Amino acid sequence: MRAGEHRRGQRGFTLLAVLAALTLLALASERVMQFAGQQAQREREAQLLRTGSAYALAIAAYHAATPGHARQWPPTLDALTEDRRFVHTRRHLRERYADPVTRSPDWGVLRAPDGGIVGVYSRSEQPPLRSSAIAQHGIARAAAARSAGWKFVAPAAAPGEDTR
């Protein structure tokens, strides 16, 4: 038997083995990327809950710090970083945080009847991975079908504030 005849019978076998290995590698890579994408979304949702809660607490602090008897809600989100109602500027937030889900500085705002801001929400229409109710910082949030469904509203009265 000649060497050439032996190889002729195995032609294409190596190519098929390489194609099968590449297919398995592609499927495994797809699973890893899918997992990594879900993990990144989970982290963005957790950051959204932390950032939204920080905004709600800052709005409540602005409202509670109003001089005089008539409480005011902040007119803009920028007022939370530079409250100029006092001799010295107060900061209820260090900076304006971007929405972690949309990665945009534009938040949806919830307005009071007087036009002030009482809360914020993400503008994302993406469904969250979390499908159950969430409790964070003593505030319960109902389950939402989309990220915009989570509303971060300042408590109506800060602790120790007169509610009359």
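Predicted model: local features only at pLDDT ≥ 70, side-chain atom pairs only at ≥ 80, totals over all residues.
Numbering starts at 1 along each chain as its sequence is written. Local features need pLDDT of at least 70, side-chain atom pairs count only at pLDDT 80 or more, totals for chains, interfaces and linings use all residues, and side-chain values use heavy atoms, without hydrogens and water.

**Exercise 1.** Work out how strands β1 and β2 are arranged.

Solution. Start with the elements: the chain has two helices and five strands (DSSP runs numbered from the N terminus; helices are H or I, at least four residues, strands E, at least two). Their order is α-α-β-β-β-β-β. Next, check the pairing (at least two DSSP bridges between two strands). β1 (residues 108–111) and β2 (residues 117–121) run antiparallel, joined by four bridges. Val109 faces Val120 in β2. Last, the connection: five residues separate the strands of this hairpin, and Gly115 in the turn has a positive phi of about 100°.

**Exercise 2.** Classify Thr51 and Leu19 as buried, partly exposed or exposed.

Solution. Apply the cut-offs: buried is under 20% relative accessible area, exposed over 50%, partly exposed in between (1.4 Å probe, protein chains only). Thr51 sits in helix α2 (residues 13–64). Its relative accessible area is 6%, so Thr51 is buried. Leu19 also lies in α2. Leu19 has 45%, so it is partly exposed. Across the chain, 32% of the 164 residues are buried.
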